[in-house]
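Below is a set of questions and answers on one predicted protein model. Look at the sequence and the structure before reading on.

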Amino acid sequence: MRAFREAVEAGDLDTVEALLADDVVFTSPVVFKPYHGKAITAAILRAVSEVFQDFRYVREIGAPDGPEHALVFTARVGDRELTGCDFLRVDEAGLIDDFMVMVRPLSGAHALAEAMGARFDQIAKEAAARSV
């Protein structure tokens with residue numbers, strides 16, 4: 001999904017949020033239960049943009065006009081390097097309705113979980129404010 005990739009790479013989180021469906025389901029690489037809704041997903045993505053350092057997409061998989069996309073990325077969390085993939089599905093309106101992230105190695109996933117966990121109160125407050 002070119003528009004999403006370009007917005008992420010430009011740090012344009014307002015556009016990223018605009019590309020999310022209201023009923024998007026976000027599956028985190030470090031939390032068992034998926035998150036439901038645009039507000040919480042946008043808040044998580046804003047926080048992760050602060051946690052990831054040297055983030056860049058290195059590969060895009062999927063037909064440009066198809067509903068399924070995979071964006072492979074590299075990033076760093078503290079001193080841990082990781083590789084991950086954003087799996088995106090778009091609805092009939094072209095909005096992301098399913099967003100699943102996977103990362104490796106395990107040490108990178110642990111560093112990500114720790115960094116995001118430290119921000120979760122802020123994430124929850126931001127999501128609540130956006131839901132109003």
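**Helix packing, burial and distances**

Q: At what angle do helix 3 and helix 4 pack?
A: Helix 3 covers residues 38-51 and helix 4 covers residues 106-117. Their axes lie 10 Å apart. The angle at which the two helices pack is about 120°.

Q: Which residues of helix 4 meet helix 3, and of what class are the residues in this contact?
A: From helix 3, the residues taking part are Ile44, Ala47, Val48 and Val51. In helix 4 they meet Leu112, Ala115 and Met116. Sorted by class, the contact has no polar and no charged residues, and the seven in it are nonpolar.

Q: What is the handedness of the crossing of helix 3 and helix 4?
A: The crossing in question is the one where helix 3 passes helix 4. Its handedness is right-handed.

Q: How far does helix 4 reach from its first C-alpha to its last?
A: Helix 4 has twelve residues. At 1.5 Å a residue, a span of 16 Å is expected, and the model comes close to that. The reach from first to last C-alpha is 16 Å.

Q: Why are the buried residues of helix 4 on the same side, and how wide is their arc?
A: The buried residues of helix 4 are Gly108, Ala109, Ala111, Leu112, Ala115 and Met116. They are on the same side of helix 4 because the arc they cover around the axis is only 160°.

Q: Which residues are exposed on the other side of helix 4?
A: The buried residues of helix 4 are covered by elements including helix 3, strand 4, strand 5, strand 6 and helix 5. On the other side of helix 4, the exposed residues are Leu106, His110 and Glu114.

Q: Is glutamine 53 buried, partly exposed or exposed?
A: Glutamine 53 is found in strand 3, residues 53-61. Leaving aside neighbours within four places in sequence, glutamine 53 is in contact with Ala75, Arg76, Val77 and Gly78. Buried would need a relative accessible area under 20%, and exposed one over 50%. At 31%, glutamine 53 is therefore partly exposed.

Q: What distance separates the C-alpha atoms of glutamine 53 and glutamate 81?
A: Along the chain, glutamine 53 and glutamate 81 are 28 residues apart.

Q: Is lysine 125 buried or exposed?
A: Lysine 125 is found in helix 5. Its C-alpha is 24 Å from that of leucine 95, which is 30 residues away in sequence. Because its relative accessible area is 62%, lysine 125 is exposed.

How values were computed. Residues are numbered from 1 along each chain as its sequence is written. This is a predicted model: local features need pLDDT of at least 70, side-chain atom pairs count only at pLDDT 80 or more; totals for chains, interfaces and linings use all residues. Side-chain values use heavy atoms; hydrogens and water are left out. Axes are lines fitted to C-alpha atoms, for helices over the stretch in contact, and angles run from 0 to 180 degrees between N-to-C directions. Helices (H or I, at least four residues) and strands (E, at least two) are DSSP runs, numbered from the N terminus. A crossing is left-handed if the near helix is turned anticlockwise from the far one by less than a right angle, and right-handed if clockwise. Contact means heavy atoms within 4.5 Å. Ala, Val, Leu, Ile, Met, Phe, Trp, Tyr, Cys and Pro count as nonpolar, Asp, Glu, Lys and Arg as charged, and the others, Gly among them, as polar. The expected span of a helix is 1.5 Å times one less than its number of residues. Buried means under 20% relative accessible area, exposed over 50%, partly exposed in between (1.4 Å probe, protein chains only). The arc is that of the directions from the helix axis to the C-beta atoms.
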